[in-house]
Amino acid sequence: MQDAPLLRSSRGASALLCLTALLWLGLDVARAASPEWETPPVSHKDVKPYVDVTALHALVLPPPPEEGSQIDRDDIAGVLARQQVDAKRREMAEADGNLLYDRFAPLLGVEIRRDRFPALVNLLNRSVRQAGQPAFAAKNLYRRLRPYQRLTLTHVCGRSGGSTPDPDAQQRTSYPSGHSTYGWTTALVLARVAPDKAPALLARAREYAESRLICSMHFPSDVEAGRALATAVVSQLDLNPEFQQDLQRARAELAAAR
């Protein structure tokens with residue numbers, strides 16, 4: 001019986017360690033989580049995509065580069081080079097990581113809010129949800145470590161300090177970049193709503209994707225995979241009659257407000 005307090009203490013210490021590990025895991029998930037699509041934020045779990053394109057990633061994406069390959073070394077060099085950006089660009093990258101529609105709205109000259117543009121928000125929500133299907137299927141398949149999990153870095157978005165390699169990390173969701181997929185999908189759809197803004201929107205999508213490199217959340221091949229996937233998804237949307245109907249409603253809605 002004299003050993004009972006010691007046993008309870010040991011169990012308590014183990015429980016505390018497990019709790020601490022879960023909290024750190026939660027922080028990792030928070031840093032890499034999907035952006036808030038709308039402001040104010042709302043749940044999008046019930047948004048219905050136009051069609052199920054989950055399997056599209058198998059037709060569009062190659063496997064991620066093997067560790068140690070030349071492409072992988074180029075990926076690492078691309079992340080390390082962007083550790084040197086100035087504070088203003090880093091601040092922009094942090095904001096890009098947190099938000100989606102708000103980061104493209106200034107190019108349209110409006111706030112993308114469902115109380116003002118319900119047809120536009122519906123169009124974007126359904127398109128982004130559709131793009132998320134193959135993106136997250138590929139993440140679950142390939143389970144690539146993120147840059148901050150593989151490299152010693154000084155700057156990582158969401159952290160006051162840097163990072164050290166963690167080859168045993170459980171959250172392995174670098175390929176493809178979800179933010180890049182979402183950003184390119186948003187820009188491509190908005191370019192169909194407002195064709196006169198297309199060049200600026202697509203340029204902003206490139207910046208939005210590059211922010212993931214600056215944040216040390218993704219490698220260049222991850223964000224390129226997101227662009228390729230978004231392009232393929234929106235090409236499928238162009239063939240969907242329901243998408244085309246929603247697109248016309250969103251165009252009329254935006255035109256009336258501009």
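Is Asp 75 buried or exposed, and what is its relative accessible area? In this predicted model, Asp 75 is buried, with a relative accessible area of 4%; buried means under 20% relative accessible area, exposed over 50% and partly exposed in between, with a 1.4 Å probe and protein chains only. Asp 75 sits in helix α3, which covers residues 70-81. Beyond its neighbours within four places in sequence, Asp 75 is in contact with Pro 65, Arg 144, Phe 219, Pro 220 and Ser 221, a contact being heavy atoms within 4.5 Å.

Arg 146 is buried as well, at a relative accessible area of 3%. Its place is the loop between α6 (118-142) and α7 (147-150). The C-alpha atom of Arg 146 is 6.6 Å from that of Arg 172, although 26 residues separate the two along the chain.

Turning to the whole chain, the secondary structure amounts to 11 helices and 0 strands, taken as DSSP runs (helices H or I, at least four residues; strands E, at least two) numbered from the N terminus. Of the 258 residues, 46% count as buried. Among contacts between residues at least 6 apart in sequence, 82% join residues at least 24 apart.

The average pLDDT (the predictor's confidence in each residue, from 0 to 100) is 90 for the chain, and 88% of the residues score at least 70. Over residues 1-30, pLDDT stays under 50, and the model has 4 contacts beyond four places in sequence for this stretch.

Residues are numbered from 1 along each chain as its sequence is written, and side-chain values use heavy atoms, with hydrogens and water left out. Local features need pLDDT of at least 70 and side-chain atom pairs count only at pLDDT 80 or more, whereas totals for chains, interfaces and linings use all residues.
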